[in-house]
Protein chains: 2
Amino acid sequence: MQNSLLPTESDRGRNREDLREHNLSTVVGLLHRFGTLSRAQLTSSTGLNRTTISNLVAELKALGIVFESQSVGTTGVGRPSVMVSMSGDVVAFAVNTAFDATTVGVVNLLGQVLMKARRPNPANLSPVMAVQIANDLIIHLRAKLAPGTRIIGVGVAIPGQVKVAEGIVRFAPAFKWINAPFGPMLNKLSNLPVFIDNDASLGCLAERTMGSARKYKDIVYLFGGTGVGGGVVIDGKQLRGATGYASELGHVRISDSDVEDHSGLVGTLESAVRRDNLLKVLGLKAANEDELEAAILSTESQEARSEFHTQIDALGVGVANLVNIFNPQVVILSGFLASLFKFDQERLLAGFQMHSLVASQEEVVVIPGRLNANLLMIGASELPIQALIEAPSSISHMPLTKGRKKS
Amino acid sequence: MQNSLLPTESDRGRNREDLREHNLSTVVGLLHRFGTLSRAQLTSSTGLNRTTISNLVAELKALGIVFESQSVGTTGVGRPSVMVSMSGDVVAFAVNTAFDATTVGVVNLLGQVLMKARRPNPANLSPVMAVQIANDLIIHLRAKLAPGTRIIGVGVAIPGQVKVAEGIVRFAPAFKWINAPFGPMLNKLSNLPVFIDNDASLGCLAERTMGSARKYKDIVYLFGGTGVGGGVVIDGKQLRGATGYASELGHVRISDSDVEDHSGLVGTLESAVRRDNLLKVLGLKAANEDELEAAILSTESQEARSEFHTQIDALGVGVANLVNIFNPQVVILSGFLASLFKFDQERLLAGFQMHSLVASQEEVVVIPGRLNANLLMIGASELPIQALIEAPSSISHMPLTKGRKKS
DNA sequence: GTGAGTTTGTTGTTTGAATTGACAATTTAC
DNA sequence: GTAAATTGTCAATTCAAACAACAAACTCAC
């Protein structure tokens with residue numbers, strides 16, 4: 001065999017166990033998206049036999065991932081079907097290490113944020129300190145969990161480029177981190193499986209699971225915060241790239257300008273569409289999302305409105321480029337990009353249409369994101385949840401909180 | 001159930017038949033990539049049992065997709081393993097409807113082009129005429145096929161945007177076609193399964209299967225012909241987008257210029273990196289690939305070299321953008337883009353590095369394409385071949401050429 | 001209220017793809 | 001020539017999904 005052409009993981013064959021795991025995975029995935037489904041609905045969605053669904057659900061019940069309940073209300077003729085729901089006793093920790101503060105949340109399998117804790121970050125936050133803070137908050141929340149709660153892992157959202165497979169933060173400009181092994185360190189402290197990814201990519205996952213993009217499977221997502229980040233979902237799967245750095249949509253060069261963005265690249269979308277300029281023309285020192293949006297939508301200043309128009313035009317080019325490249329079903333604008341969108345939707349769409357191919361633009365919708373406060377909590381929790389969905393029986397190795405739950 | 005959240009195809013469960021088909025598919029896919037493998041190699045690559053591989057190969061042999069032969073030469077200790085190869089009796093037709101001519105080829109499962117036929121296109125080629133010409137050439141070649149040859153379908157490369165699922169050419173600027181149902185028409189005439197896609201996307205597939213990108217599974221491909229087209233492979237799978245228009249990488253706006261490209265978009269990569277300008281500064285009226293490359297590499301004209309530099313700088317920006325977006329393992333430059341790359345590789349790489357993120361650029365290689373003459377023959381044939389790989393047992397429904405083959 | 005019709009859950013049986021174990025075949029190494 | 005190693009083959013086993021038959025629980029028409 002030519003040793004330069006090695007067979008990859010996808011060349012593996014499948015046996016009966018893989019078949020079973022796949023079907024378990026399919027059921028868990030459906031329940032995660034839909035919350036509660038009847039066994040009859042699972043049967044028709046999966047195309048599997050009644051008996052098989054019955055067995056699969058029984059196994060998931062034994063694993064503690066789902067529970068069954070009687071259907072309430074009328075459902076039509078015939079024997080009412082048993083309802084299957086995600087267990088509330090299975091949770092993931094979500095960590096968002098942002099510039100100003102670290103937030104940790106407890107999220108259940110339905111994407112509900114059960115608890116949250118926040119601690120401000122010190123200046124010059126080092127990776128070690130960041131991991132320590134995250135772990136402290138995890139310990140704090142873990143103590144409050146009901147006895148018998150099963151923890152499937154920790155998902156971490158980082159404002160920077162992440163080597164996903166190894167859990168290494170390759171470069172986080174906000175903290176000036178280079179090659180910080182955040183994942184392995186937090187794993188060692190917390191003794192839990194840790195998954196890390198870029199914050200914007202996780203925002204995209206959140207909108208797909210619980211937000212504006214639930215209906216879609218080909219999604220381009222742009223988030224405007226300090227900088228501009230992005231996420232992409234293709235055929236239901238997150239775009240990660242060879243090493244996990246993909247979907248840096250803010251760093252696409254769209255003009256000849258030599259204005260720098262936060263990573264030092266010139267003429268990029270992030271260099272043209274920027275929150276700091278919005279604050280400046282609005283005369284604001286600082287503002288949260290809602291305050292900024294209110295100011296944008298209410299200002300009468302011509303200077304400010306002119307700046308909005310400039311930024312909207314640049315955003316239109318950025319969106320057009322991404323539509324030409326990805327031909328998505330939907331483009332989600334989040335953060336202050338959603339505010340710009342609301343300020344002058346027509347202008348944005350006109351600019352977008354001017355710069356994208358007719359065919360690609362005709363079936364795409366551009367809409368604002370829906371999630372705000374819990375965006376990154378939900379997004380980060382998706383990482384361990386997706387891992388659970390891919391291999392449901394792995395849950396039997398996960399730790400259980402001390403104490404005994406009433407059965 | 002919320003009817004706005006319908007379960008999709010990927011929510012289907014799997015049964016034993018799907019399991020079998022998947023394993024057959026895995027074996028065929030390996031053989032397509034590697035040509036010939038021993039049963040022992042198949043066993044270790046797939047992780048399946050010896051007995052299972054034996055059964056799978058026997059079934060594929062019965063389907064006529066593979067054949068077995070004794071291993072030649074020494075292979076080490078132990079009983080020598082039986083070699084398994086792709087059958088030479090199974091072929092696909094490849095159609096390339098280009099501006100000046102239509103080319104049809106016969107390609108076997110190993111990606112070898114067995115025969116080729118070409119006919120110039122008349123001016124103002126209509127879709128009906130194009131289909132007629134393609135079908136004539138198919139009939140011509142079909143008559144020459146050895147008796148007993150099995151035909152799995154037709155793959156068509158079109159210079160334009162294609163609604164892949166429906167086989168409709170949405171827009172082909174070279175022919176001024178709009179919504180031409182090329183696929184259904186050719187299917188009706190030829191009575192064969194027809195698959196259509198954009199030519200650059202198929203060039204990408206070809207380089208992945210038989211060319212420079214064989215080793216990689218995350219690939220960005222740029223082709224410079226009349227215009228600039230692109231193709232993307234993510235984790236071994238072609239990027240198609242929601243309707244099939246994805247990877248229009250030439251139409252990404254990279255500057256403030258208002259120069260139009262062939263689709264009327266301004267400031268795009270295609271508007272800046274253009275063959276016609278190269279020909280002009282070189283004083284050429286027309287040239288094939290090799291002539292153009294020779295002229296580029298040998299000219300002493302300062303005006304020409306200055307134009308090359310301008311185009312290379314634009315190409316550097318384009319490549320940087322794509323690396324930021326996709327984080328691929330490799331970027332393949334094909335057509336005259338490969339010639340520009342060869343003209344001044346350092347300048348291109350320097351420009352690319354200036355405009356891409358450090359992390360994303362550090363593990364990517366930029367290389368020229370390797371396939372030339374048969375690029376689109378191989379690429380187009382990949383469409384029916386991929387369909388066969390996905391569902392190997394479907395071959396039993398495929399037509400056989402008349403006559404009886406010696407068994 | 002009753003019975004017909006409909007849909008779902010359950011139980012026991014069947015099916016078939018992959019695996020296992022035992023043994024034969026064929027090579028290399030000494 | 002014999003031992004060790006690797007591969008092919010056959011019979012038996014395993015087990016996830018499907019199937020068939022029946023029971024359970026509902027709606028609807030009367």
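Modeller: Let us begin with the term that will be needed throughout: a polar contact is a pair of N or O atoms within 3.5 Å. Please keep in mind that this is a predicted model.

Colleague: What makes B:Thr51 a polar contact of a base oxygen of DNA strand C?

Modeller: A polar side-chain atom of B:Thr51 lies 3.3 Å from that base oxygen of DNA strand C, and because the cut-off is 3.5 Å, the pair counts as a polar contact. B:Gly78 also reaches a base oxygen of DNA strand C, with a backbone N or O atom at 3.0 Å, whereas A:Ser81 places a polar side-chain atom 2.8 Å from a phosphate oxygen of the DNA strand.

Colleague: Which elements give two or more residues to the surface near DNA strand C?

Modeller: They are helix 2 (39-46) and helix 3 (50-63) of chain A, together with helix 1 (16-34) and helix 3 (50-63) of chain B; the largest share, four residues, comes from helix 1 of chain B.

Colleague: Turning to the sheet in chain A, why are strand 8 and strand 10 said to stand at the edges?

Modeller: The three strands form an open, antiparallel sheet in the order 8-9-10, and strand 8 (161-163) and strand 10 (177-180) of chain A each have a single partner strand, so one side of each is left without a neighbour in the sheet.

Notes: Residues are numbered from 1 along each chain as its sequence is written. Chains are lettered from A and ligands numbered from 1 in the order in which they are written. This is a predicted model: local features need pLDDT of at least 70, side-chain atom pairs count only at pLDDT 80 or more; totals for chains, interfaces and linings use all residues. Side-chain values use heavy atoms; hydrogens and water are left out. A polar contact is a pair of N or O atoms within 3.5 Å; within protein, one must be able to donate a hydrogen and the other to accept it, and residues adjacent in sequence count only if both atoms are side-chain atoms. Two strands pair if DSSP finds at least two bridges between them.
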